[in-house]
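Reader: Please take a close look at one part of this model. Keep it brisk.

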Amino acid sequence: MKVLRFFFLCIALLFSTYVHHDSTIVFAKQKQALFVKHHVKGNNVFVECVVDQFTFTKGKHPKKDGQGRIHIYVNGKRVSETTTAAFVIRGLPVGKHTIRLELVHNDASKYDVSHEFTVTIP
């Protein structure tokens with residue numbers, strides 16, 4: 001009788017470990033996706049972003065998955081950050097410019113999610 005109880009206890013322990021491990025893997029594979037639309041008007045670029053399962057946060061907050069902001073780079077140089085999904089990059093000089101948007105946590109660590117596009121200011 002004791003052997004049978006031990007057997008079922010081992011099976012239950014293995015099953016609960018397998019289920020917990022599997023759900024952890026699924027959670028770890030979830031990633032944010034960044035979708036971007038932009039429009040050039042004069043020397044300004046109007047940008048709209050959609051980020052799945054994400055909340056933009058202002059001010060200082062502890063790092064929390066699914067929260068943060070966007071760092072804005074123009075021609076490889078960080079020029080700003082935003083805590084809104086729609087924003088304007090103003091006053092670009094005439095010519096071709098590469099714009100990169102990087103999703104970051106509240107503590108500025110990267111999500112490894114970015115979007116890059118090129119605009120031409122007439």
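Author: Start with aspartate 52, which is partly exposed because its relative accessible area is 37%. (Buried means under 20% relative accessible area, exposed over 50%, partly exposed in between, with a 1.4 Å probe and protein chains only.) This is a predicted model, in which local features need pLDDT of at least 70, side-chain atom pairs count only at pLDDT 80 or more, and totals for chains, interfaces and linings use all residues. Residues are numbered from 1 along each chain as its sequence is written, and side-chain values use heavy atoms, leaving out hydrogens and water.

Aspartate 52 lies in the loop between strand E2 (44–51) and strand E3 (55–56). Helices (H or I, at least four residues) and strands (E, at least two) are DSSP runs, numbered from the N terminus. Leucine 34 is 18 residues from aspartate 52 in sequence, and their C-alpha atoms are 7.1 Å apart.

Now the rings. Rings of Phe, Tyr and Trp (its six-membered ring) pair if their centres lie within 6.5 Å; planes under 30 degrees apart are stacked, over 60 edge-to-face, the rest tilted. There are two aromatic pairs by this rule. Phenylalanine 54 pairs edge-to-face with phenylalanine 56, at 5.2 Å centre to centre and 80 degrees between planes. Phenylalanine 54 is buried, at 13%. Phenylalanine 56 is partly exposed, at 22%. Phenylalanine 54 also pairs edge-to-face with tyrosine 111: 5.7 Å between centres, 75 degrees between planes. That pair links distant parts of the chain, 57 residues apart: phenylalanine 54 in the E2–E3 loop, tyrosine 111 in strand E8 (residues 110–121). Tyrosine 111 is buried, at 11%.
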